[in-house]
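Please examine the sequence and the structure shown here before reading on.

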Amino acid sequence: MNEKVLKTLEYNKIIARLAEHASSEDAKKRCLTLTPGTDINEINLLQLQTKDALNRLFKGGRISFSGVHDIRDSLKRLEIGASLSITELLRVCSLLEAAKRSKAFSRTSIGHTGPDRPAAADGTDELPVDSLTGFFDQIEPLTPLCDEIRRCILSEDEIADDASSTLRSIRKSMRGMNDKIRAQMNSMINNTTTRSYLQDAVITMRDGRYCLPVKAEAKSQVPGMVHDQSSSGSTLFIEPLAVVNLNNEYKALLIKEKEEIEVILANLSNLTAGYSMQLHTDYNVLTELDFIFAKAAFAQTYNGVAPTFNTDGRINIKKGRHPLLDAKKVVPIDVRLGEDFTLLIITGPNTGGKTVSLKTVGLLTLMGQAGLHIPASERSELGIFEEVFADIGDEQSIEQSLSTFSSHMTNITRILSQVNDRSLVLFDELCAGTDPTEGAALAISILSKLKLYGARVMATTHYSELKVFALQTSGVENACCEFDVESLSPTYRLLIGIPGKSNAFAISTKLGLGEDIIEDAKGRISENDMNFEDLLADLEKSRITIEKEQLEINQYKEEIQKLKEQLEQKQERLDASRDKILREANEQAYNIIREAKDLADETIRNFNKYGTAHAPVSEMEKERTKLRDKMNNAQKKMSDQKKNAAPNHKIPKKLRIGDRVKVISMNLNGTVHSLPNAKGDLYVQMGILRSLVNINDLILLEEETSPTSKKYGRTGAGKIKMSKSASVSTEINLIGKTTDEAIALLDKYLDDAYLAHIPSVRIVHGKGTGALRNAVQAHLKRLKYVKSFHLGEYGEGDAGVTIAEFKD
């Protein structure tokens with residue numbers, strides 16, 4: 001792809017924004033050197049990788065590649081047997097920690113086996129989840145190596161005492177020697193005679209040796225070796241003879257410490273060299289993933305989607321937006337090209353959005369072929385072009401003595417010499433800047449030549465001749481950027497199939513130009529031109545009318561569809577209710593008939609029995625009375641059901657969740673827990689009892705309000721937590737405090753931070769001897785509301801800081 005078009009269409013600004021989302025230097029370079037490709041298979045793979053990375057971001061959240069440093073030079077040094085420095089080893093450790101984070105992110109962002117992720121034939125998840133699975137599978141965190149480096153190296157300027165038993169022994173001896181020297185020198189400082197010779201009662205270090213600041217005139221009174229003097233010469237820094245031997249021993253221990261540190265670094269380097277190949281792989285994979293996820297994170301900023309590609313030169317962008325414009329203000333456009341027509345002539349007034357439409361199509365084509373998602377709707381389609389040419393903007397060149405027209409023609413000549421049927425050509429104001437008649441004729445000839453070549457062309461113009469050319473020529477289509485004459489403002493909508501009108505007279509009239517001038521100008525236009533402009537105006541009015549009617553028709557269709565769905569749902573409910581009523585009625589009738597039959601059979605048996613046995617009349621009368629009682633009871637039940645079916649209280653019409661009601665049948669007050677269904681049944685919460693009742697069994701109670709509750713309803717714990725959250729810092733500094741003082745301050749601070757719902761805090765205790773750090777961590781272990789804690793990572797304070805996280 002030619003460099004000129006990348007600059008003209010502002011593709012360089014796109015990749016600069018893309019680079020902001022990458023963490024490692026190599027990934028940033030990849031972003032800044034990203035160029036559009038022409039191989040459809042490679043482009044589809046790049047788009048798939050971006051899409052899969054975007055899906056993982058949605059599932060697993062943000063992924064960080066911070067700490068991915070270029071360690072290739074260090075690995076080369078290991079190959080020749082050199083030892084790595086502390087900084088180099090920490091960079092290796094930082095890379096492995098990034099690998100560990102990436103591996104963990106991979107597990108949380110892959111989802112689960114399902115329709116989108118088929119399992120292997122043996123039932124295991126061996127098939128790749130997406131196009132990134134192979135990358136994540138290659139990563140090895142090398143935890144033993146990382147842990148060993150972290151155990152031995154605390155920071156860039158500190159090796160741990162436990163890095164080796166020899167180093168621990170040396171440093172123990174150094175601390176003892178240091179105490180001896182200080183004790184000896186403190187005794188000298190506390191001596192009244194010696195103190196009078198000192199400039200200050202302090203112990204200083206010069207060239208790694210302990211010295212006293214002695215007044216220059218008292219030099220002979222303090223025997224020893226002079227190591228330095230102040231800039232004024234009034235103070236000499238003398239090493240007293242009494243501590244020379246001790247200082248020599250301390251110096252010797254310093255040398256031993258340095259030698260042992262070199263041994264430790266050599267051992268760590270040898271250990272690292274054994275993993276050289278895997279470290280190479282980790283670095284290459286992590287930088288590649290950093291680049292891919294940078295594209296995905298960039299796509300998130302403008303809601304990008306993956307377009308579909310073809311090699312036939314078809315463009316069908318739906319709701320496309322220019323990615324460098326404010327997404328809240330830019331008006332999306334729909335553009336078609338390459339199927340029914342290969343040339344699109346865009347006309348209309350200035351500031352209507354013609355140039356933006358050109359740049360949007362060109363820039364989205366470049367982004368898509370570079371593997372970037374485009375700001376458009378789903379199912380947008382782009383063609384694969386070997387070259388994109390653009391002649392946009394004022395390219396006047398003073399250095400080359402070229403006018404605007406000459407400069408444009410030079411560019412057009414170059415385009416015509418390179419264009420083919422796999423090219424996309426964008427012209428802004430084609431052949432402008434010269435005589436309109438000649439310019440229009442020249443533009444038509446250029447467009448005809450490009451059409452003959454089979455190129456895909458979009459051109460903006462003000463020439464009416466090009467509108468006629470598009471109307472009369474097959475494979476060429478008119479388009480315009482809509483303009484509202486009433487408000488003198490563009491709508492920025494691109495309308496394909498309709499030629500645009502300049503609206504110069506209407507705009508001038510609205511801006512206050514005299515009617516006499518307007519009429520005079522109209523008289524100077526030929527009748528054919530006037531008729532053509534009137535035809536365009538009529539077409540525009542007809543289009544607007546048709547669009548309004550179409551919009552109304554669509555609204556009516558939606559309303560009819562909604563009414564149809566509601567009617568169908570209502571009919572379904574009625575059918576279901578009717579079937580249920582009939583079923584219950586049949587069951588009830590069956591029960592009545594069966595009961596009547598049983599009663600009749602029993603009565604007949606009794607009468608037969610009494611008739612044959614000549615039973616007394618009193619026995620028969622008892623049976624009659626019993627039968628009459630049964631009939632009366634049945635009749636009473638029916639009257640009770642009728643009474644219940646017609647309640648004499650006011651039934652609530654519009655219930656809301658939370659309304660206070662009284663359940664009549666239970667004589668209990670409660671709260672509406674759900675809205676009534678089609679039958680009028682709803683749930684009411686009455687204390688601990690939650691019961692299903694009918695709306696006919698409810699009485700709506702008046703809401704009780706209390707001025708006291710309103711006045712004091714927002715006090716208490718809520719305000720305490722709010723004030724805590726506003727005042728508690730996320731960090732506490734304990735440096736300079738004794739262990740007891742620090743733990744007391746820390747305990748109160750952690751309580752306040754936990755009450756304020758701060759998720760994690762930073763505890764600064766410094767490195768020092770490690771006593772304060774150990775005390776802080778021991779205290780954190782005892783607190784039940786502390787979820788976890790760990791030392792600060794490289795670049796966060798290292799061993800001088802502990803990060804504590806609270807439980808939810």
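## Overall organisation

The model is predicted. The chain comprises 808 residues, of which 39% count as buried. Its secondary structure consists of 24 helices and 25 strands.

Among contacts in the chain with a separation of 6 or more, 66% join residues 24 or more positions apart. The accessible surface amounts to about 46200 Å², and carbon and sulfur atoms account for 52% of that area.

## Nonpolar cores

The largest nonpolar core contains 97 residues. Those with the most contacts inside this core are Ile153, Ile159, Leu279, Phe293, Leu344 and Met458. Helix 12, spanning residues 276–301, contributes the largest share of the core, with 12 residues. Apart from this core lies another, of 24 residues, which includes Ile415, Ala440, Leu447 and Val476.

Leaving aside residues up to four places away in sequence, Phe293 touches Ala53, Arg56, Leu57, Ile63, Phe65, Phe105, Leu132 and Phe136.

## The largest pocket

The largest pocket has a volume of about 830 Å³. Its lining is formed by 27 residues, and Leu154, Glu158, Ala160, Arg773 and Ala799 lie nearest the centre. By class, 14 of the lining residues are charged, eight are nonpolar and five are polar.

At least two lining residues come from each of helix 8 (143–152), strand 1 (153–155), strand 2 (158–159), helix 9 (165–190) and strand 24 (786–791). Helix 9 provides the largest share of the lining, namely four residues.

Methods. Residues numbered from 1 in each chain as written. Predicted model: local features only at pLDDT ≥ 70, side-chain atom pairs only at ≥ 80, totals over all residues. Heavy atoms only, no water. Core = buried A, V, L, I, M, F, W, Y, C linked by side-chain atoms within 4.5 Å. Buried < 20%, exposed > 50% of the residue type's maximum accessible area, 1.4 Å probe, protein only. Contact = heavy atoms within 4.5 Å. 1 Å grid on protein atoms, 1.4 Å probe; cavity = no way out; pocket = protein on both sides within 12 Å on 5 of 7 lines; lining within 4 Å. Points joined across faces, edges and corners; volume = space filled by probe spheres on them. Nonpolar A, V, L, I, M, F, W, Y, C, P; charged D, E, K, R; others polar. Areas by Shrake-Rupley, 256 points an atom, 1.4 Å probe, with all protein chains shown as cover.
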